[in-house]
Amino acid sequence: MISSLLIANRGEIAVRIMRTCKLLGIHTIAVYSDADRDALHVAVADEAIRIGPSPARESYLQTDAIMQAATRAGADAIHPGYGFLSEKPDLARLCVEEGRVFVGPSADCILAMGPKIGSKLIASRAGVPSVPGYLGEDQSTQRLSGEAERIGFPLMVKASAGGGGKGMRRVFQREDLTAAIDLARQEAQAAFGDPSLLIEKLVTRPRHLEVQVAGDKHGNVVHLFERDCSIQRNNQKVLEEAPAPNLDPAIRVKLLDRGVALARAINYDNLGTVEFILEEGSSDPWFLEMNTRLQVEHPVTEAITGFDLVEWQIRIASGERLPVLQSDIRQSGHAIEARITAERADQDFRPDAGRIVGYREPPDLRIDSGVGKGSEVTLFYDSLLAKAIAVGETRDTACTRLASGLREFSILGPATTIPFLVDAVEHPIFSQGNATTDFIAEAFPEGWKPARPQVRLARATAALLMLDALPAHEQKPSAWTTLAGFRVLGPSGGLSETRLLAIEEERAIALTVKVRSDGQRRVFDNDGEIALEIRSNGNTVEVDSEGRILRGVFERTGGRVHLTLAGETCDIGLEAEAALLAGAAAGAGGSGAVLATMPGVVAEVKVSAGEMVEVGQVVVVLESMKLFSSLKAEIAGIVTDVSCRSGETVMVGKRLVLIEPRNGS
Amino acid sequence: MAVLESKVRSDPDFDSNRVAYGELVEVLRERHRHVLAGGGEKLQLRHRERGKIPVRERIDHLIDPLSPFLELSPLAAWELYGNEVPCAGVVTGIGMVAGIPCAIIANDATVKGGSFFQETVKKHLRMQEIAFENRLPCIYLVDCGGAYLPEQDRVFPDRDHFGGTFFQQCRMSASGLPQISAVFGGCTAGGAYIPALSDEVVMVRGTGRIHLGGPPIVKAAINEIVDGETLGGAEMHSTVSGVSDYLANTELEAIGKLRDIVAALNWREIQRTTKREISDPIHDPAELDGIVGVDLKQPFDVREVIARMVDGSEFQEFKPAYGSTLVCGFAWIHGEPVGILANNGVLFSEAAVKGAHFIELCDQRRTPILFLQNITGFMVGTDAERGGIAKHSAKLVYAVSNARVPRFTVIIGGSYGAGNYGMCGRGFQPRFLFAWPNARIATMSADVAATVVTDLRRSSLTRGAVQESEIERIDKQTRAQFEEQSTPYYATARLWDDGIIEPWQTRDVIGLCLALAAREIDLPEHRPVYRM
């Protein structure tokens, strides 16, 4: 067997592969770009080699750099992981040429399954039907239109060389076809340098099913059952599970047979996945494509079969036979995986970035993670941070465990999809096992928004945690640091009041913390008191809100508190009002006070307190001497006070609006 | 160390004491509430409408979030000037700014425009004195109209009048204590020197003004007609004259700037005493009302008071079997070491020399001293005089006067006659002096005074024979005078103390004071202890 392995990948999959290597006693070699110098996969590897600057095309996608790294480190073998170079036949071929083991299928297999059209033709010859469509070489608009008529609407026009949704158009009626073909061609040319298109029937409310197959270099092929990966957004999988729920046994047999048939047809010699699509109401799974690599969602298969698929990959690549016969492969229980990405699920899954300031995994789930506390999440790579895998005897148990585990999973810093995943797992469509690839649109027709039932409580907790950590409290304790908010006149009502601004995304929320004479702290916002008491210990906090006790995990960085409380994640900048303003004065880039330039009448007030304004934005229109003058914001920030109203007569120099600069501006 | 045991039980005496003391506390709170309102709701509202922040809110913004503020003499000028000058128009106290304890002197413009009465000056000077002694940077939140002219003879000319405040500012600056001002309102004439004599000055645009002579005086003196903003506005002083160092657009911005200034002071704090871990007293301070009661003639064991004031109720009592009317011993309050002298009856010679001995111990060991005063005086009578009470009590007064360690006094009952001297009354300049609402301070009690004065009248040779009706009148008059003048409110209104505190606050207040003092105890040499 191989003794040293270079993993030509990053993130969670690199870490996951290394874990198996450690068990097998294989020396691990990581590769890294400049952005990943301090990444987790570099830290857990036995050694690591720099392969280039941060952009993937200059590092992880550089076959030469990978091969040089392998030479430099003396690696016996290369594991490509998924994505990046995993399905590029070059890497597999170069490995063979240089006498290294490529942990993956032969270049021939990769080549065979690479092209969308070619792979479907092979499948067809193997008796595996694909989605009805046209894959021909005649790319004339006339021919394409004719084929479209034959297939019927709705249909999809796709780039032959494509992937990831580029060059893909849905056509619902005949009239739109020509325009769609033109646009798809342009996009295909731009994205892939190849204008070739294919046409496919648009399958409505389909399920995405896939078969995990494994073959060796001795002609053996087995399957490790199926997975259901129907929950997708932007054509990327979000939740995956095994086995597929509510699947007719007859269909399952058909599915598994077809997967194995295709793998056999190409003499497949490693781990791979044959993807199918099953239209609602249909009993005929259609071949979609084959992924000639390890899948992101392989852990669910591991969970129900008990095998280590990375170990299989390594053994097969080393020339070993499949460790078991098909009849020895059994499944038990149910496993679900949730992909946790650094994305704003409430903003159409826009990627987010930043440093992870706090990180705590739940105890009862398998977590495959590529990050930890202190990891920097950049926009250079895929936004996948970690995968959470729950296992249960039944699907219901697995669902429950996944949801509660996700609630406990605290990743503080960039926004993650955890709150969305919890909602998705708990949605009846999913929990009843009836999801199709339209799940997100059907479950969250208005787009997913966090319910945030505990947002005020979280904000108040953050405020108290912030106050706990003020520099004064870190000095050697004396009455000056321990008698929080003491006032001689306290018992007479002269209470200590601390005014903070909680800055969340686009809003600033004013909070007042009063200290009662018995030392208890009370938090108020504009809606009144937020009843709570907190106890913190290290990075955990217990919040008692009128007898209801919630637990959270937090991290403080600079003027910010990052907090996960009862599944609610918030990231709040907190500043004493006065401190915020002193910074503004130091900037000297303009005044936050918008003053009346002339005596006159306020014609219009265009902003309200709490609103964000940009430099040059008109905040008040003043009428004077029959002239209207627009008073503009000199600084960008948050409107904290509007001290005039429309129709009011004001003297020159009166402050009409006060803007507090945003942190750091 | 020995933990004080408490014999206090809830019995009818205890319960009735609590009720009676509760009424005293309610009076205090009512009065505090009155002064918290400053110049009243209407003026507060107008103040806010002008974009100005009320004085205590300014302080809340200035000091570190959730830090303590040790406010001093909130009832200064109480019942003086028709009770129309709450707080004497100035809020003073100690607060943490950027982790540094600072003296804060803040005018309340809603009270007579923030102008200076005699008590305003006294309070201002007292805060400066405390700052000097405890080495605190001074922050002036200036919003004042100078001397209150109808009272100018009691504000301006004398040694401890307005000029003294500037003298102190200069001297403090020279001794390395930063003097920092923020100008929120007009500073005319004398008032101009508060910022002008400050090391650094922030002015608020639009409302801050500094001029030696305001527009009316300028017109009278040189016939120049000018508006206040042109003459002494914040913008002019920050950009033209250089009187101000920082121009702030709003009051909040000015306060933020003050915080930045203090944060950049390059200030170093040294702790010179050995702190212990802070622990709460075992016995509940809330029980002090039932123990002390309101009747000064009813004695109580002062150890019950100490047990509710010190960390863990632990007390290392010195000479417990000797001179038992003065309880002496070592303890910790909020982690700070302290030597306590507390009255437990009339002072006899033994008690006086024991006290002197104990003060020497504290002085040698650099331990600050806390006096808990509840004293009718030194023992009188033939036995006492023959035993040399005059010289023995003098030893205590000597020791009190010459102790080099910081001293603190709390009047927890009576403070009469020479007892006041022996127990470090105001004349002996303790660092801080606070009183409880049940306190009385006078040369003697009203009873004794009436007896003395009526006897004097009876024995008067010059005024001839006396009618009983006249004696009665004198008796009544004297009683009335002493009763009125010995109340803690009469005292605190005149700045004879640094404020009236609720008994259960004592531990916290003294804890704050001790922590300030702990930074300053650096005695050049040790002194011997003379056994007396």
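**Figure 1. Helix α1 of chain A and the residue that follows it.** In chain A, α1 gives way to G25(A), which has a positive phi near 75°. Helices (H or I, at least four residues) and strands (E, at least two) are DSSP runs, numbered from the N terminus. This is a predicted model: local features need pLDDT of at least 70, side-chain atom pairs count only at pLDDT 80 or more, and totals for chains, interfaces and linings use all residues. Residues are numbered from 1 along each chain as its sequence is written, while chains are lettered from A and ligands numbered from 1 in the order in which they are written. Helix α1(A) covers residues 11-24, 14 residues in total. From first C-alpha to last it reaches 21 Å, close to the expected 20 Å; the expected span is 1.5 Å times one less than the number of residues. Its buried residues are G11(A), E12(A), I13(A), A14(A), V15(A), R16(A), I17(A), M18(A) and C21(A). A residue is buried if 20 or more other C-beta atoms lie within 10 Å of its own, exposed if 12 or fewer, and partly exposed in between, with C-beta atoms placed from the backbone.

**Figure 2. Surroundings of F349 in chain A.** F349(A) sits in the loop between β16 (343-344) and β17 (350-351) of chain A. F349(A) counts as buried because it has 20 C-beta neighbours inside 10 Å. Neighbours within four places in sequence aside, F349(A) is in contact with R233(A), N234(A), E343(A) and R344(A). Contact means that the C-beta atoms of two residues, placed from the backbone, lie within 7 Å. R233(A) is 116 residues from F349(A) in sequence, yet their C-alpha atoms are 8.3 Å apart.

**Figure 3. The side of chain A that touches chain B.** Here 43 residues of chain A are in contact with 46 residues of chain B. On the chain A side, two or more residues each come from α17 (479-482), β24 (496-504), β25 (507-515), α18 (577-587) and β40 (655-661). The largest share, seven residues, belongs to α18(A). By class, this side of chain A has 24 nonpolar, 13 polar and six charged residues. Ala, Val, Leu, Ile, Met, Phe, Trp, Tyr, Cys and Pro count as nonpolar, Asp, Glu, Lys and Arg as charged, and the others, Gly among them, as polar. For context, chain A holds 18 helices and 40 strands. Buried residues make up 51% of its 665 residues.

**Figure 4. Helix α4 of chain B and its packing.** Helix α4(B) runs over residues 118-134. Its 17 residues reach 24 Å from first C-alpha to last, close to the 24 Å expected. The helix is mostly covered, with 12 of the 17 residues buried. Among them are V121(B), M127(B), I130(B) and A131(B). The buried residues pack against β1 (69-72), β2 (90-97), β3 (100-107), β4 (138-142) and α5 (162-174) of chain B. R135(B), just after the helix, takes a positive phi of about 50°.

**Figure 5. α4 against α5 in chain B.** The two axes come within 9 Å and cross at roughly 20°. α4(B) is therefore roughly parallel to α5(B). Axes are lines fitted to C-alpha atoms, for helices over the stretch in contact, and angles run from 0 to 180 degrees between N-to-C directions. Angles under 35 degrees count as roughly parallel, over 145 as roughly antiparallel, 65 to 115 as roughly perpendicular and the rest as oblique. The crossing of α4(B) and α5(B) is left-handed. A crossing is left-handed if the near helix is turned anticlockwise from the far one by less than a right angle, and right-handed if clockwise. V121(B), H124(B), L125(B), Q128(B), A131(B) and F132(B) of α4(B) meet F162(B), G164(B), T165(B), Q168(B) and M172(B) of α5(B). This contact has six nonpolar, five polar and no charged residues.

**Figure 6. α17 against α18 in chain B.** Helix α17 (residues 446-458) and helix α18 (residues 468-485) of chain B pack at about 145°, axes 8 Å apart. α17(B) passes α18(B) in a right-handed crossing. From α17(B), the contact includes A449(B), V453(B) and R457(B). From α18(B), it includes I474(B), D475(B) and F482(B). The residues of this contact divide into seven nonpolar, two polar and four charged.
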